[in-house]
Amino acid sequence: MAKVAVLGFGVVGSGVVEVLETNAQSIAQKVGEPVSLKYILDLRDFPESPYRDKIVHDFDIILNDPEVDVVCEVIGGVEPAYTFTKKALLAGKSVVTSNKELVAKHGAEFLKLAKEKDLNYLFEASVGGGIPIIHPLHQCLAGNEIQSVIGILNGTTNYILTQMFQNGVPFDQALAEAQERGYAERNPSADIDGIDACRKIAILGSLIYGRQLPTDEIPTEGISKLTLDDVAAAESAGYVIKLLGVYRKLHKQVYCRVSPCLISKNHPLSHVDDVFNGILVNGNAIDDVMFYGRGAGKLPTASAVVADIIDCVKHRNVNRSVIWEDGEAG
Ligand code: HSE
């Protein structure tokens, strides 16, 4: 039996626990053994939760338990997630995460460490919520030179823009709704200022290019200055506005940016609305391929995290992670 520890019992963590329980039977069938939750690490107690007996407050309990195969880090942010991830890998435990900030900043280090230890560091949920995009880029599309990625990568801003365009809802009200639905980051500036989308395009770019692309070198503009007047002007000219993360490789030079863009209503990304994300990838063999699905939210994100847990358990002691190196892009 495989044992999992979940770090962080927030929106995503509780989703992971729910999916592991609800789909326990089919997961066991796919893996060939039951995958069971052993611990939930959180600062808080959850006296009303059916999982209250799994709650621990001390990470060392997890670290020192040889039964724990996979650590699922869904705390978010850099610390203590960085320290816990590093300790878990050094202790011989694979780590899966939805933490885009950490992957965008320290991915190269953890991928190297996982490879050295024949473990895995998997992060499908860090980009596109429930949409499979990391594995497809790394595996199904591996035969291609990826020439560009254009993505609606942030569910919160896409929800806000959709509300502004389709229902004339002012920016602040739409943001409050996105927060209520559990889409937004703890500090919503990460969403509305484009920082979250920047981390996500940096992760995709690093994966494609093979080197960590520093987020502070990616020009980034959010949507907080957009008004209903901008919306009306775009609309009357036959456009919608979407916050796009763009990666392009031209003559060995890599170019990334995040900004609100006018998109013609004929473009496939113009129909990606609400919390949905859409990622249009162009490869030199496949041409265009588009990925679409829920980019945020409890269960969609948990769907991707649990898939990575399954992958880790099915491939114990086999490193299946992508590798990218620290260093400057060309
Ligand atoms: N705040 C993020 C979003 C959550 O809205 O897309 C998923 O990464």
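This report covers the strands, ring pairs and ligand site of a predicted model.

Residues are numbered from 1 along each chain as its sequence is written, and side-chain values use heavy atoms, with hydrogens and water left out. Because the model is predicted, local features need pLDDT of at least 70 and side-chain atom pairs count only at pLDDT 80 or more, while totals for chains, interfaces and linings use all residues.

Helices (H or I, at least four residues) and strands (E, at least two) are DSSP runs, numbered from the N terminus. Two strands pair if DSSP finds at least two bridges between them. Strand S2 covers residues 35-41. Of its 7 residues, 6 are buried, so S2 is largely enclosed by the rest of the structure. Buried means under 20% relative accessible area, exposed over 50%, and partly exposed in between (1.4 Å probe, protein chains only).

S2 pairs with strand S1 (residues 2-7) in the parallel sense, over 6 bridges. Leu-7 has Leu-41 of S2 as its bridge partner. S2 also runs parallel to strand S3 (residues 55-56), joined by 2 bridges. Here Leu-41 is partnered by Val-56 in S3.

**Aromatic pairs**

Rings of Phe, Tyr and Trp (its six-membered ring) pair if their centres lie within 6.5 Å; planes under 30 degrees apart count as stacked, over 60 as edge-to-face and the rest as tilted. The count by this rule is 9 aromatic pairs. One of them joins Phe-9 and Phe-46: the ring centres are 4.9 Å apart and the planes stand at 80 degrees, so the pair is edge-to-face. Phe-9 sits in the loop between S1 and helix H1 (11-22), and Phe-46 in the loop between S2 and S3, so this pair ties together parts 37 residues apart in sequence.

Phe-9 also pairs with Tyr-51, with centres 6.5 Å apart and planes at 85 degrees, so this pair is edge-to-face. Tyr-51 lies in the loop between S2 and S3, so its pairing with Phe-9 ties together parts 42 residues apart in sequence. Phe-9 is buried, at 10% relative accessible area. Tyr-51 is buried too, at 17%.

Elsewhere, ring pairs link Tyr-82, Phe-110, Tyr-121, Phe-123 and Trp-324 into a cluster.

**Ligand site**

Residues around the ligand include Lys-100, Asn-154, Glu-185, Asp-191, Asp-196 and Lys-200.

| Residue | Protein atom | Ligand atom | Distance |
|---|---|---|---|
| Gly-155 | polar backbone | oxygen | 2.8 Å |
| Thr-156 | polar side-chain | oxygen | 2.6 Å |
| Tyr-183 | backbone N or O | nitrogen | 2.7 Å |

Taken alone, the ligand exposes 260 Å², and the protein buries 92% of that. Accessible areas come from the Shrake-Rupley method with a 1.4 Å probe; for residues, only the protein chains shown count as cover.

**The antiparallel sheet**

An open sheet of 5 strands runs in the order S9-S8-S7-S10-S11, with antiparallel pairing. Its edge strands, S9 (253-264) and S11 (287-294), each pair on one side only. Strand S10 (residues 276-283) and S11 are joined by 8 bridges and run antiparallel. Val-281 stands opposite Val-289 in S11.

Definitions and conventions:
Near = heavy atom within 4 Å. Polar contact = N/O pair within 3.5 Å; in protein donor to acceptor, adjacent residues only side chain to side chain.
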